[in-house]
Amino acid sequence: MIYRDFNGLKLSALGFGAMRLPCVDGNDATPDQDAVNEMVDYALESGVNYFDTAWGYHDGQSEIVLGRALARHPRDSYYLATKFPGYDLANMDKVEEIFEEQLRKTGAGHFDFYLIHNVCELNIDEYLNPAHGIMPYLLEQKRTGRIRHLGFSAHGAIPVMERFLEAYGEHMEFCQIQLNYMDWEFQDARGKVELLRRHGLPVWVMEPVRGGKLASLPEADAEKLRALRPDEKPVAWAFRFVQSVPEVVVTLSGMSDMEQMRENVATFAEDRPLTEVERAALDEVARDLTSQGTVPCTACHYCTSHCPQGLDIPHLLSLYNQLIVGGSGDFIARMGVGSLPEDKRPDACIGCGSCAAVCPQQIDIPGTLADFAARLA
Ligand code: SF4
Ligand code: SF4
């Protein structure tokens, strides 16, 4: 396992993200405890020591299930991170209530890393509103040792991150951003890394494989990479890219099964830096991927609980992307929609916009679903 230094700690470069855990009967709200235990045990045996959860993952169950799995190991054998869920504005006045509940749910005693979750355009004003008392409360928890390291995650654009850093940068020790080779230019991850470097903050990576998109590339793109490194799969290329960014300390991967876990652990067993030619090939693949008119859904599921129609929005958007990319994707999209009950298909969307208001990728979800329905018709 590759390790990175952070304030005297040795953190595994690969972190286990608990937002896409294996679930019973495919139900996102019921992570499979036995399967999670097995993955956590394997992760620890393999040298992974960083575990990341959040209040909202798996409908609130991730903190509980991960906490139980980790509690079977010595508390000093791992680092646990969770987050304050201000992405939902209704939580802004509940920092104490939520923090205490998170400690109870995880049984962790303290959080090694605690993040202000998903700073973005939709919540920056409230995150900066002193009336909520968020920062003084979190700093007090840090003073008493219940938080060891304080940071933030951001899906917002650079001006939003700048506002946050201006207000709270002196208290922040790290920042988690969406970083992968597709978003290096597409979402200006490069500019965000530069901004954080100027503020002296190390980078934690989320969505290194962009919600799985970079794990299964169009055949022409996959072939370009295979020609350069026949022994590495597309998912390993995505990780090699983030390993090549010097500011990156921890890269989180939301692993869903043992196979992914084993593959990722193998990829992080050694550094294999990209050559200039390989880096140029990834840039080319990124340009291909972002010029296809797809929507950048990362399957974070923030939107789903807001949908009055109970639509599985990330699944529908994934099918939409298949349709847009074309080829066999057209067949897959039509088959996928056809397998859904009629009241769960794109045309069941009533256009209320509740989902789009919480989408960190700022996707026009109702517009996309209307387009999807029209294309299918
Ligand atoms: S706009 Fe459509 S998908 Fe979004 S919350 Fe409303 S009904 Fe659901
Ligand atoms: S549409 Fe937006 S909020 Fe919903 S799963 Fe995709 S990225 Fe997340």
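Which helix contributes the largest share of the shell around ligand 1? In this predicted model, that share belongs to helix α15, which spans residues 365-376 and supplies three residues of the shell. Altogether, 16 residues surround ligand 1, and the closest are Cys307, Cys349, Cys352, Cys355 and Pro366. By residue class, the shell around ligand 1 consists of 11 nonpolar and five polar residues, with no charged residue.

The surroundings of ligand 2 were examined in the same terms. Ligand 2 is surrounded by 14 residues, of which Cys297, Cys300, Cys303, Pro314 and Cys359 are the closest. Helix α13 (residues 313-325) provides the largest share of this shell, again three residues. The shell around ligand 2 comprises 11 nonpolar and three polar residues, and charged residues are absent from it.

At the level of the whole chain, two domains are assigned: domain 1 covers residues 3-290 and domain 2 covers residues 304-376. The centres of domain 1 and domain 2, taken over C-alpha atoms, are separated by 26 Å.

Helix α9 (residues 219-228) packs with helix α12 (residues 276-290) at an angle of about 175°, and the two axes lie 10 Å apart. Because angles over 145 degrees count as roughly antiparallel, α9 is described as roughly antiparallel to α12. On the α9 side, the contact is formed by Asp221, Lys224, Leu225 and Leu228, while α12 contributes Val277, Glu278, Ala281, Glu284, Val285 and Asp288. The residues of this contact divide into five nonpolar and five charged, with no polar residue.

Note on methods:
Residues are numbered from 1 along each chain as its sequence is written. Chains are lettered from A and ligands numbered from 1 in the order in which they are written. This is a predicted model: local features need pLDDT of at least 70, side-chain atom pairs count only at pLDDT 80 or more; totals for chains, interfaces and linings use all residues. A residue is near a molecule or strand if its C-beta atom, placed from the backbone, lies within 6 Å of it. Helices (H or I, at least four residues) and strands (E, at least two) are DSSP runs, numbered from the N terminus. Ala, Val, Leu, Ile, Met, Phe, Trp, Tyr, Cys and Pro count as nonpolar, Asp, Glu, Lys and Arg as charged, and the others, Gly among them, as polar. Domain bounds come from an automatic or database domain assignment. Axes are lines fitted to C-alpha atoms, for helices over the stretch in contact, and angles run from 0 to 180 degrees between N-to-C directions. Angles under 35 degrees count as roughly parallel, over 145 as roughly antiparallel, 65 to 115 as roughly perpendicular and the rest as oblique. Two residues are in contact if their C-beta atoms, placed from the backbone, lie within 7 Å.
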